[in-house]
Amino acid sequence: MPTSPPPAPRVLGIAIPSPLRRLFDYRPCREGPPDGWRPGLRVRVPFGRRQVVGVVMACRETSELPLAELKPVSACLDSLPLPEDWLWLCRFTARYYQHSLGDTLQQAMPVLLRQGRPLEARTRERWRVTPAGRGEAPPAVARAPRQAELLAMLCQHPQGLGSQAVLAQSFTREQLRALADKGLVERLEEPRTARWQGDPDHLLAEPALPLNREQAVALAALHEHLDAYHPCLLEGVTGSGKTEVYLQLIEAAVGRGRQALVLVPEIGLTPQTLARFRQRFRVPVVALHSGLTDHERLDAWEAAASGRAPIVIGTRSAIFTPLASPGAIIVDEEHDGSYKQQDGLRYHARDLAVARAHRHGIPVLLGSATPSLESLARARSGDWRHLHLTRRASRHPPARLELVDLRGRPRQGGLIPPVIEAIRETLAAGHQVLVFINRRGFAPTLACHACGWLAECDHCDARMTLHRQPPLLACHHCDRRRVLPDACPECGSIDLRPLGSGTERTEETLAALFPEVPVHRIDRDSTRRRDAFERVLGEVHRGEPCLLVGTQMLAKGHHLPHVTLVVVVNADAGLYASDFRALEQSAQLLVQVAGRAGRAAHPGRVLVQTLHGDDPHLRLLAERGYAALAERLLDERRAAGLPPFRFLALLRLESPREEAVAALAGRAAGALRDWLAERELPVDCLGPVPAPMERRQNRYHLQLMLASERRSHLHEAGAWLTGWLEATPEARRTRWSLDIDPQTLS
């Protein structure tokens, strides 16, 4: 006999998209879901003067408020709750990162679900011939030649054809409907992502590549624990074949009827990764990233949640994709800073990937040529397995860094004569050159040669960048723009000169020096148009001699087989920065961009221009490589009590009123120190101090740092501090956020 749904609870605890860290109580509406109220159902509720979409997270019999004062739910939007593994991940994320659960749920779901749309896959039409339509031409189409042609075409496709494919052959919907009315064809509705039938013999569209000894050892280690939580750090030099290990791990997981989630750091890497995976596998492969439309994102999310998509590839936010049957998680370029969300919900996708793999009891593979110090510390302590790939798939070893002294040498577009000559020789040999400069624009700023005036932003403690395309001054922190002055605003001199070089200036210099060779600039400004990046890479992959001028967009995982020379215009930006992570991140970037050279038939060369060629860290990186530098940095971090040997949280406060934010920061620090002393909790409270850029967007920024050797103590202190701020009236007039495990101090 069918079972009746359980009695309706009297109170629903609902997570509302708001900064408040609590659930809101409502009464159930009269018409509830068919299977009763459960956590995970989306509802529409009155909240203030608005109707908002929330998620039921608790079903209770009592409330702190009288039941008569509770508002009823306006409508239940789902018949079934959202996936349980997704709800767990959102709860864990909100708890770990000290964030509102309602806001976490809101940010973790596709836009259309936030708006109350149903969680349903969009379908597409497919037309298939019926048994009555097969064989000789039926009399019903004898006098309709176009219908007869259409019927004959559909007979050649036993599985049927989609509507778009039929219309592309100059047939019409009226002709399709006429055949359907005669019973000769039938119309089918199917999800846009078809379900894979699960036959392991038909999993691959092309055979896997043979593995070298190191790749085989790494894959064997992963195969030992396909049904258990098994975190592995795959440290492999650039071009060593990490992606092939990923592909064969995915093959093993999908062959067992499981799903694989692959994270990549940048949207620019998604198309090439997606193309390679679709070339290898016959199964549906879906992508999730910010470049999709809202409908495309919901389609991919639903295909993963239903299990129709065995392979999911995406950027940072894809970690929140629900999986019906998780089998493996892969994080490519795990060191990359773009895995950390820097505003709102400040989560780290790599760390959530590890937590999610632990929850599901599946392997998680973190790959990088330059692993983060956090991952290296966990691998070297034995918490994670450490796998190595030291050989490139090509016969050439990774190119070594050659330090080139800039001191006392004339420059053209940031380049000195010996480097320009090396570029000329490489182009003459028929190869390609990558010139790396991590500064957009024409020059870092504009200066008056007469009085020393510098173009500074009115809203930030920063200089404005000079752009030539179009000509203007722009602040890359607040996006304020200003027309170029005709004369110096301080002394009236017209002798205004650009200081330093950006990608535009280097591009202009190289175009003048090598007019017969195409110069491609790749930065955020030149690739704003859709598919612009892919078009440039397509031209580069043709293999003709050319010059690439780019920012770190080019340093991350791109395979440029015809590049044999890499030039780093200025390697000094991160050597003496105030952020303790700057040297680690600068070294990672240098090694990653150097890895673009010599990946195929010809050996590579890397020239690194620097004013500090005698810096011990830079020399260690050039002479002994990233692993040796990472070892030294870990020793320095251990001695200084910095991550990964201590855990940090950073309270950021900002306000347009300098005195208001300073007063609140001082009160918060004093209250926290008193509470820590009373509890005798071993947490250090440092600050408040101004942020490295104190004034940004006309707001003053201060910060307070918490440090502890135990995560539990840090989280306890962070929870108390956020509670104190929520209860303090002055904090409601000040913007603040708590960043757990901050990756930058800015």
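Helices (H or I, at least four residues) and strands (E, at least two) are DSSP runs here, numbered from the N terminus. This is a predicted model, where local features need pLDDT of at least 70, side-chain atom pairs count only at pLDDT 80 or more, and totals for chains, interfaces and linings use all residues. Residues are numbered from 1 along each chain as its sequence is written, and side-chain values use heavy atoms, with hydrogens and water left out.

**View A. Helix H17 and its cover.**

View B. At the start, Asp-615 puts a side-chain oxygen within 3.0 Å of the backbone nitrogen of His-617. Just after the helix comes Gly-625, with a positive phi of about 95 degrees.

**View C. Two cis prolines.** Most peptide bonds are trans. Pro-643 to Pro-644 is cis, though, with omega near 10 degrees, and Pro-644 sits in the loop between H18 and strand S27 (647–655). Gly-687 and Pro-688 are also joined by a cis bond, omega about 10 degrees; Pro-688 belongs to strand S28 (residues 684–696).

**View D. Positive phi without glycine.** Ser-170, in the loop between helix H5 (163–167) and helix H6 (173–181), has a positive phi of about 70 degrees. Ser-170 is exposed (over 50% relative accessible area) at 57%. Glu-680 has phi near 55 degrees and lies in the loop between helix H19 (658–679) and S28. Glu-680 is exposed too, at 72% relative accessibility.

Definitions and conventions
A polar contact is a pair of N or O atoms within 3.5 Å; within protein, one must be able to donate a hydrogen and the other to accept it, and residues adjacent in sequence count only if both atoms are side-chain atoms. Buried means under 20% relative accessible area, exposed over 50%, partly exposed in between (1.4 Å probe, protein chains only).
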